[in-house]
Structure formats: structure tokens, C-alpha cells
Amino acid sequence: MHRDNYMNALREDIVETITKHLTPVAQRYGYSDIPLEINVKWRPMVLVIGNYSSGKSSLINEFLGAKIQDTGQAPTDDSFTVLTYDDSVPETEGIRVVEQQDGKALLNDPEFPFSTLRKHGQRFAAHFQLKRINSPFLKNLAIIDTPGMLDSITERDRGYDYQEVIGDLAQKAGLVLVLFDAHKAGTVREAYKSIRDTLTTHTFEDRIIFVLNRIDECTTFNDLLRVYGTLCWNLSQITGRKDIPMIRMTYSSNAVASTKNSALEPPFLPLLENQREDLKQTILQTPLRRLDHLASYLEIHGDRLAHYIEAIQTFGLEFRSFRIQKMFIGFLISLLGGGLIALIMMTLAAMADPTALLSVGGIGASLIMILWLAFFQKKLELKFRATRLENIDTLTPVTDQTRKDSWGAIRDLVYQHLKKNKGDYTLYDIKIDRFDIRQVNEITTQKIREALSEFRGMSEEDLKEWGKDNLTR
Ligand SMILES: Nc1nc2c(ncn2[C@@H]2O[C@H](COP(=O)(O)OP(=O)(O)OP(=O)(O)O)[C@@H](O)[C@H]2O)c(=O)[nH]1
Ligand SMILES: [Mg+2]
């Protein structure tokens with residue numbers, strides 16, 4: 001409880017920093033159209049994906065402690081269901097769905113982080129829902145049950161891009177469970193790819209957990225080893241890596257109890273019983289893990305945004321000095337032109353009155369300057385923009401790998417923004433914003449990291465004291 005309070009406070013701090021400091025700057029300069037906190041503001045989420053009938057819903061029901069999700073052989077459930085906590089009905093009255101919300105409401109409610117999924121259209125909205133459940137398992141996290149993956153031909157009939165939805169949800173999730181059952185290990189390739197592509201490499205490794213489910217269906221230990229080996233081989237093919245990620249092996253005891261005579265249970269099952277508990281504990285650790293992700297999210301976007309504004313500022317400064325230089329040249333040409341006109345009038349038209357000569361020269365100079373500004377200056381500026389954008393990579397120094405990575409992530413955004421040139425900000429604004437982002441990166445982020453590592457070493461007693469000092473005020 002004290003632990004939860006501390007984690008919630010820390011999470012709120014991070015989200016507030018993003019909302020107040022990063023998002024306004026990100027939106028002003030075209031770094032991001034959507035508020036950056038959208039993906040991280042809600043509760044930590046666990047996304048469960050896998051083949052159809054791999055036992056996703058059965059396992060979730062087992063964790064929740066009640067039959068909440070429909071289960072069955074053959075593709076059963078074609079909805080994405082967000083399962084979240086509600087304590088308005090006491091647990092003692094039985095664990096059940098307290099309230100249900102449909103996809104349309106979910107996609108439009110600003111309380112939830114799902115508004116970015118609206119782009120997937122009506123068909124997706126019709127297959128998206130939320131259930132509020134009084135299960136204590138959901139106290140600090142939400143679970144998303146997904147429709148099972150089908151083969152790629154049937155996949156096209158869904159009416160929305162399933163892989164993209166999975167990618168978008170994975171981006172918001174603190175943990176992704178990828179379930180396999182013994183018979184269909186190959187078909188997750190596309191979904192794995194879309195997750196790989198959407199998650200930053202930084203947090204990718206510790207966000208994905210592979211689970212070999214329904215292991216009770218292996219009749220002998222040898223059979224289990226064969227299935228496990230096949231899955232390892234498939235995974236190394238999918239991930240393109242030689243080191244195999246850890247795979248947890250489990251099964252749903254309720255599903256087994258309802259289908260099998262316990263005498264037929266394979267003898268190795270009791271030995272692997274601890275793996276389900278291990279998996280459960282890993283899921284329950286999601287909020288803490290999520291805090292690490294949030295801190296990384298803040299760091300990554302803080303650094304990239306700083307880099308982004310630096311590029312916009314450099315461009316602005318170079319453009320301004322080019323402009324002043326060319327205006328000065330225009331001014332000199334106008335002066336010369338005005339003088340020349342006065343000289344011509346003096347020699348050819350025998351104009352002698354100095355005031356008249358001055359006015360003629362002045363009018364001539366002004367006309368030349370207007371012509372310069374309206375025509376030559378504009379043309380030169382356009383040319384400058386075009387050539388500078390061709391060499392956009394020299395805009396900021398890219399000295400090390402971190403800068404290279406961040407430049408890689410923002411290059412196209414900077415290019416598009418400068419090409420459109422629609423910013424209604426001044427160089428002075430940029431300077432102030434850059435300073436603000438630097439403060440966040442150097443001070444706030446540091447403080448959050450310190451609070452996180454301090455938290456890991458805190459005892460229940462320390463947390464209680466912390467709660468007294470910070471929550472009762
Ligand atoms: N023997 C055994 N059967 C299981 C296990 N888990 C689930 N089942 C059964 O397998 C069938 C499919 O399980 P579901 O939980 O509906 O699978 P799902 O992955 O949610 O399927 P979709 O929602 O259709 O994608 C059901 O009939 C379950 O009873 C398990 O660990 N062992
Ligand atoms: Mg299901």
C-alpha cells in the first residue's frame with residue numbers, strides 16, 4: 001500500500017513533467033502532433049497476444065480468479081478487451097464484471113490513453129471494449145486480452161490492420177506477453193515484427209515475455225522438450241538473434257481440470273508449477289518496471305526534443321544572418337543606384353538644385369530597395385532554404401552514437417517542419433524553450449532517477465514515513 005502510494009506519486013511526477021514541459025514545446029515546433037503523455041498517462045498495462053486458442057483468455061481468467069473472458073476451442077473472441085479495476089463491489093460478493101464500456105466511448109474518453117487508436121476506424125471500434133472488474137489482481141495494472149492471430153489470409157478480413165493495432169497497443173504497454181501453444185508457433189512472426197518496429201530498442205528487451213502455454217498437452221517429458229526446442233528455433237528465426245530469450249512454460253489448471261482426468265496429467269507438470277507463479281509475479285511487477293520505462297521515455301524524448309530545437313534554432317540563426325547580410329547588400333546597391341540616378345540627372349538633365357537631386361536620388365534608392373526586397377531578396381531566401389535543407393545533416397554536430405541515434409529519430413521531422421516553415425515563434429521563444437527543456441533534462445530527470453533508485457532500497461517503514469510526510473499535507 002505504501003509502496004503503491006510512492007509509485008503512484010512518482011508516476012504522476014513524471015507524467016506532469018511531460019505534460020507541462022515537453023508536450024507544449026513538442027507541439028509548438030512540430031516534434032509531435034499528439035500530446036506526448038498520451039501513451040503513458042494511464043495505469044500500467046499488460047498486453048497479451050498470441051495465436052488463437054493459445055489459452056490467452058484462460059490464463060487471464062486464472063489470474064483474475066473468475067471466468068471473466070470467454071474461452072473455447074477454435075477462434076473464440078474477436079475483441080480487444082481492456083480489463084481494469086473497480087472496487088465498487090466488494091470482492092467477497094464474488095469476482096465479476098462490474099461495468100462494461102464499448103469501444104466508441106473508450107476511444108473518445110480523455111481519461112484513457114486510446115484516442116490515438118481512433119485512426120483504425122469503425123470496425124476496430126466495434127471490436128474494442130473495456131470491462132471493470134473487482135479482482136484484486138488488477139489493483140495496480142490493466143490487462144488487454146486480444147483476439148488470437150489467424151493465418152495471414154484470414155487476417156485480411158478483419159476490416160482493420162490488426163498488426164498495426166497490436167503495435168500501437170504494445171507502445172502503450174508496460175509488458176507484452178507473447179503466448180504460444182505447442183502446435184502453432186510460427187504465425188506470430190508479423191505481430192512480433194510490428195512490436196519490434198514500434199518499441200524503442202531501449203526498453204524492448206525487458207518488455208516482452210515469451211510464454212509456452214498449454215504444456216499439459218505434451219504427453220511425455222520428451223514431447224515437451226521437442227516442443228520447447230521447436231519454439232526456440234522459431235523464435236531465433238523470428239528475432240534474428242542467436243541468444244534465445246527466456247521462455248516461461250505454463251498451463252491453465254482450470255482448463256485442464258475441466259477437460260482432463262487428473263490421472264492422465266503428465267508427470268512433469270508439478271515440476272513446472274512454479275513457472276506460473278513466477279509469471280504471475282512478473283506481471284505484478286509491471287508497475288515498477290513501468291516506472292523505469294517512464295523515466296526512459298522522459299529521458300529519450302527530452303534529449304530528442306532538445307536536439308530537435310537545437311536544429312531549428314541553428315537553422316533560424318543561419319537564416320537570420322543570411323537575411324541581414326543580403327538586406328545589407330540590397331541597401332548598398334540601392335544607395336549606389338540612388339547616387340547614380342542623381343549623378344545622371346546632374347550631368348545629363350543639368351539638374352543643379354541639391355534638394356531636388358537628393359529627392360530624386362532618394363526616390364530612386366527606395367524604389368531599388370523595394371524591388372530588391374520584393375524580388376531578389378525573396379528569391380535568395382528561397383534558394384538558401386532549399387540548399388540548406390539539402391545539407392540538413394550538417395545542421396547540428398553529431399559527435400557520438402547517442403547523437404547519431406537521436407538525429408536518426410528526428411531528422412525527417414526537422415526536415416518536414418523547416419520545409420513547411422509555418423512556425424509562429426521567434427528566435428527568442430526558441431531560446432527560452434531550449435533552456436526549459438535543458439532544465440528538465442539536467443535536473444528533473446536526474447531527480448526522478450534518484451527517487452527511483454532510492455525507492456528500490458526503501459523498506460516498508462521508510463515508505464510509511466515518506467507517506468506521512470508527503471501524502472497527509
Ligand atoms: N489442456 C489445456 N487446455 C487449455 C489450456 N488453456 C486453454 N485451454 C483450452 O483451449 C481452448 C482455447 O482457450 P482460450 O483461453 O479461449 O484461448 P484464446 O487464446 O483466448 O483464444 P482466442 O480468444 O480464440 O484467440 C479452450 O477450450 C480452453 O479450455 C491449457 O493450459 N491446457
Ligand atoms: Mg480469448
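The following legends describe close-up views of a predicted model.

Local features are taken where pLDDT is at least 70, side-chain atom pairs count only at pLDDT 80 or more, and totals for chains, interfaces and linings use all residues. Residues are numbered from 1 along each chain as its sequence is written, chains are lettered from A and ligands numbered from 1 in the order in which they are written, and side-chain values use heavy atoms, with hydrogens and water left out.

**View 1. Helix α15, residues 427-456, has a kink centred on Val440.** Helices (H or I, at least four residues) and strands (E, at least two) are DSSP runs, numbered from the N terminus. The 30 residues of α15 reach 43 Å from the first C-alpha to the last, close to the 44 Å expected at 1.5 Å a residue; the expected span is 1.5 Å times one less than the number of residues. The kink at Val440 is about 30°, where the bend at a residue is the angle between axes fitted to the seven residues ending there and the seven starting there. Val440 is also one of the buried residues of α15, which include Ile437 and Asn441. Buried means under 20% relative accessible area, exposed over 50%, and partly exposed in between (1.4 Å probe, protein chains only).

**View 2. Helix α12 carries Ile329.** The 63 residues of α12 should span 93 Å at 1.5 Å a residue, and the end C-alpha atoms are 90 Å apart, which agrees. Ile329 is partly exposed, with a relative accessible area of 34%. From C-alpha to C-alpha, Ile329 lies 69 Å from Tyr85, and 244 residues separate the two in sequence. Ala350, which follows α12, has a positive phi near 50°.

**View 3. Arg158 occupies the loop between α5 (152-155) and α6 (162-172).** Arg158 is buried, with a relative accessible area of 10%. A polar atom of the Arg158 side chain lies 2.9 Å from the backbone oxygen of Gly148. Leaving aside neighbours within four places in sequence, Arg158 is in contact (heavy atoms within 4.5 Å) with Arg123, Pro147, Gly148, Met149 and Leu150.

**View 4. Ser53 and Arg214 each have a positive phi of about 60°.** Most residues other than glycine have a negative phi. Ser53 belongs to the loop between β1 (45-50) and α2, and counts as buried at 14% relative accessibility. Arg214 belongs to the loop between β7 (208-212) and α9 (221-239), and counts as buried at 18%.

**View 5. The largest cavity has a volume of about 80 Å³.** On a 1 Å grid over the protein atoms alone, a cavity is a set of points where a 1.4 Å probe fits but cannot get out, and a pocket is an open set with protein on both sides within 12 Å along at least five of seven lines; lining residues have an atom within 4 Å of a point. Grid points are joined across faces, edges and corners, and a volume is the space filled by probe spheres set on the points. Among the residues lining the largest cavity are Asp4, Asn140 and Arg290. The elements giving two or more residues to this lining are α1 (2-28) and α12 (286-348).

**View 6. The second largest pocket holds about 660 Å³ of space.** Of its 34 lining residues, Gly55, Ser58, Thr71, Gly72 and Ala255 are the closest to its centre. Both α2 (56-64) and α10 (253-259) supply at least two residues of the lining.

Note on methods: Polar contact = N/O pair within 3.5 Å; in protein donor to acceptor, adjacent residues only side chain to side chain.
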